[in-house]
Amino acid sequence: MKAIRRPDCAVIGAGPAGLGAALAAGRAGLKDVVLIERDIELGGILPQCIHDGFGSIVFKEVLTGPQYAQRYIDEVEKADIEVMLNTMVLDLAPDRKITAVSPEQGMVELEPRSVILAMGCRERSRHQVMIPGYRPAGVITAGAAQRDINIEGLMPGRNVVILGSGDIGLVMARRFILEGASVEGVYEIMDHPGGLTRNVVQCLQDFDCPLHLSHTVTFIHGRRRVEGVTVAHVDEDLRPIKESERYVPCDTLVLSVGLIPENELSRKAGVVLDPVTAGPFVDERMETMAEGIFACGNVVNVFDLVDYVTRSAEVAGEGAAEYVLQGRKREAPIRVVPGRNVKYVVPQFVSDFSRDIDFYFRVEHPERAVTARILAGADAVSSKKHKMVRPPEMLKSNMKAAAFDGAERAGGPKVDRVTVEVVSRET
Amino acid sequence: MSGHPQIELPRTAGVVVVGAGVSGCSVAREIVKYTPDVVILEKESDVADATTKANNAEVHSGIGEKYGTLKQKLNVRGNALYDEFVKDLDIAFERQGLLLVFTPRTLPENVTSRLPAGVVEFLLSRVIPRLVMHSARRKGIPGQRMLSRDEILRMEPHVTRDAVAGVFDPTYGLVSPYKLTIALAENCVANGARVFLDTEVTDIRVERGAVRSVVTNRGEIETPLVINAAGLFADEVADMAGAGGFRIHPRKGASLLFDRELTYNYVKSSVSEFKMFRKGLSKGGGAMPTAEGNLQLGPTAIEVEDKYDTSISAEEIQEIFERFYTLLPDFPRNAMISSFSGVRAPTEEEDFVIGASDTARGFVNVAGIQSPGLASAPAIAEMVLGIVQGLGVPTEPRTDYNPRRNAPPKFIDLSHEERDRLIAKDPRYGRIICRCEYITEGEVVDAIHSIIPARTMDAVKRRTRVGMGRCQGGFCGYRLAAILAGELGIPVTEVTKDGGGSWMFAGETKSLIRQRAVAEDSEAGR
């Protein structure tokens, strides 16, 4: 039997979250950090994201995906971090024991003192959004199409319809057009685009590619290869209107219909998941409800900026170091609750207010002229004005360490919850 | 070697089986025990690649079949033969049992609304279960057991609270229809038979009242004996020999598949809500665990025009959801990962058509095989063997026949030590290609070089489960195509999903731009 490795910290996944977390754990004093990646290279999804727009917060620069990733890969190579590529984690037990496999080492077992989950997310498939029809070749998720074109150098189709206006769908519309394919249009079931406004402008409007809001695909035609799709208008309840159906010939349907945090390992480890985010419940150190298991990036919830992924990774890396080096135990955590027009908030718990905390949240519906507030108990401890808020655009508010102390010391009742809410400034 | 398009058809064969579905391959394997001179022709790019691949895996007991029909008899006989049938094939077959549940919906509303509640309760808890038990005994199905409401809920806690009583049928089992068919075909080939894929029968030549040859898109085979197991096209093939007289009318069935992680053990046996005087032609389907532990719901039964109509409509999905919502009120609707649909091949009479032709000697129909065709397969094979032995197939078993077929290793089922040994021998068994189902490159390569070589994405998928998990091939699509291309020695742009016309890639990047530029140049030149 091979020897069992017992590192200070094992990071599962080496996309932006895993890279950032491993580096932060090392900087915070952990000597023995292992970074486990199932792919043959570091960077996760970033190497295929050859468009720009990455890094504006972290680096105050506009970088492409590969450039952003390379900055961290260079750091990891300089740091004393053991990288295990081509290694797939098969199991994570509640006692943090990791079972993995690689072609070079065969079965590998690790018993790390802390674990950071950084597995990212996966794309929803046609079945999860229940698109009826045949099952021909040519139905592909936007991320898979992006990989085919940008990494493998292959065109997944010539005449393309895109369903879903999430960022990857928008970016891929432009990519297909630049590659000489024709994109008939982008169809979005909601009455507002799913991606960032800048992507709607730069990827569709600049290329005269139509965006059909309140539309969906109701049938996929073609027995061998996609021959066309039926599209239809949807009513207010998002139900297709039969009379509005229209046949669109195409050979490829690209789906950008949402991302799901990839938490199969988390489940195996007994990590409790938030049904709203589909990721683990975490506290302000990004520690999950399972002791010594931390999580960051899109495994927690789908962030729309890689910069936020990196920030959450740094918090998780520092948290893991603190846990291993100082044996920090979580105090009775206080629940963070979504208030008015807030769908969810990450972190969902806070147990220690001695440092500044970033809260990430999304609104439930678009709204103009609002203030995002954080309440400790009944006291507003932070507020930030926004001209416009929309569900696809994640909001971030910071709560200062001193703010909470102030609320407690003001002599009011003991604070039992933190609320994040978005209130209108118009009334 | 079989299955490669470049290999020429033989000029003669002792027996030609038309159709490599579960019926054709079961019959072929039975005959191969007596003679190796068997050729199986399949028009699709893989065995099990039409009706069989979308079969729901149910090995029925025969309880749902009308007493006295051929399919009822073959179903009961086939079910009894199953353990022996699959014994040497190295595939999973388990008798999970079928739980028939009697609820207030078992009787039509116009009946229950006219009767006092006590009478309805009595009918549901005492009378109807006994009728079902009696019917099973009459058909020769052993082992049925009546269950109280409490017993049902202990066995299957997700079943509706308004269940009144149940009957448990322990002979019912589940087997992967395509894995079974692949195993049968492999065993045939290992014992001297040959399988030709992408080979479509276009004519049957009959001379002086006897079969003379089979004409295909790839040449002609002289043979005295043709077995028509052409499924949906059995009527057309029979007509070629003038041995028809029946018509296959396609009937579609759709099923839904759920994420294994979220539905593991959701039901332990197959669960079905029993409905009397049911309209329609399906036995009503059920909620069943697949061999891998996913929850599966279905199938529907809808008459269609097109024998190739494997689509699934929004209404069908809705129908399945509604049907099972009453039986299993808490089933995880959001965990659906796939839907699939297949076309059954019934005749107008709704019974199997098995027998030798009176007009074309040597032509044997194995037609109209629909559910319970999978359960009946061993009995169908037995029956057809008897027929063809009367038409010249030897009656003495071969001494050199080897019944054993070994499945290639399945990484996820092995112990750590076994995995390590395998990876040390070939590191490709340590490279996970399918992240959802933990399928390794080694297993994919095994499938591509197996006895019936997998040459398409779907053929590899059927043999290994690659791409069958929750991401449905989102991560592994390209990787699988690249391995296929490498192992088959073809450009990746020639890889198909499932044969003819199901291309995966339009070309390399920049190729479309070049094509466009060329088109514009010639436009400008004119």
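**Close-up views of a predicted two-chain model**

**View 1. Lys31(A) sits in a loop between helix H1 (16–27) and strand E2 (33–36) of chain A.** Helices (H or I, at least four residues) and strands (E, at least two) are DSSP runs, numbered from the N terminus. This is a predicted model, in which local features need pLDDT of at least 70 and side-chain atom pairs count only at pLDDT 80 or more, while totals for chains, interfaces and linings use all residues. Residues are numbered from 1 along each chain as its sequence is written, and chains are lettered from A and ligands numbered from 1 in the order in which they are written. Is Lys31(A) buried or exposed? Lys31(A) is exposed because 12 other C-beta atoms lie within 10 Å (12 or fewer is exposed, 20 or more buried, in between partly exposed, with C-beta atoms placed from the backbone). Ala79(A) is 48 residues away from Lys31(A) in sequence, with 10.0 Å between their C-alpha atoms.

**View 2. Here are the domains of chain A: domain 1 (9–122 + 260–330), domain 2 (125–257) and domain 3 (337–424).** The bounds come from an automatic or database domain assignment. Taken over C-alpha atoms, the centres of domain 1 and domain 2 of chain A are 31 Å apart. Six residues of domain 1 of chain A meet eight residues of domain 2 of chain A (contact: C-beta atoms, placed from the backbone, within 7 Å). The domain 1 side of this contact has three nonpolar, two polar and one charged residue (Ala, Val, Leu, Ile, Met, Phe, Trp, Tyr, Cys and Pro count as nonpolar, Asp, Glu, Lys and Arg as charged, and the others, Gly among them, as polar).

**View 3. Chain B brings 47 residues and chain A 44 residues to their contact.** On chain B, the elements that each supply at least two residues include helix H9 (314–327), strand E19 (336–344) and helix H15 (511–525). The chain B side divides into 21 nonpolar, 17 polar and nine charged residues.

**View 4. Strand E12 (residues 154–155) of chain A runs antiparallel to E24(B), joined by two bridges.** Strands pair if DSSP finds at least two bridges between them. Leu154(A) has Glu508(B) as its bridge partner in E24(B).

**View 5. Helix H2 (residues 70–86) and helix H10 (residues 373–389) of chain B pack with their axes 6 Å apart, at an angle of about 100°.** H2(B) is therefore roughly perpendicular to H10(B) (65 to 115 degrees; under 35 is roughly parallel, over 145 roughly antiparallel and the rest oblique). Axes are lines fitted to C-alpha atoms, for helices over the stretch in contact, and angles run from 0 to 180 degrees between N-to-C directions. Among the residues making the contact are Leu74(B) and Phe85(B) of H2(B), and Ile380(B) and Met383(B) of H10(B).

Note on methods. Two residues are in contact if their C-beta atoms, placed from the backbone, lie within 7 Å.
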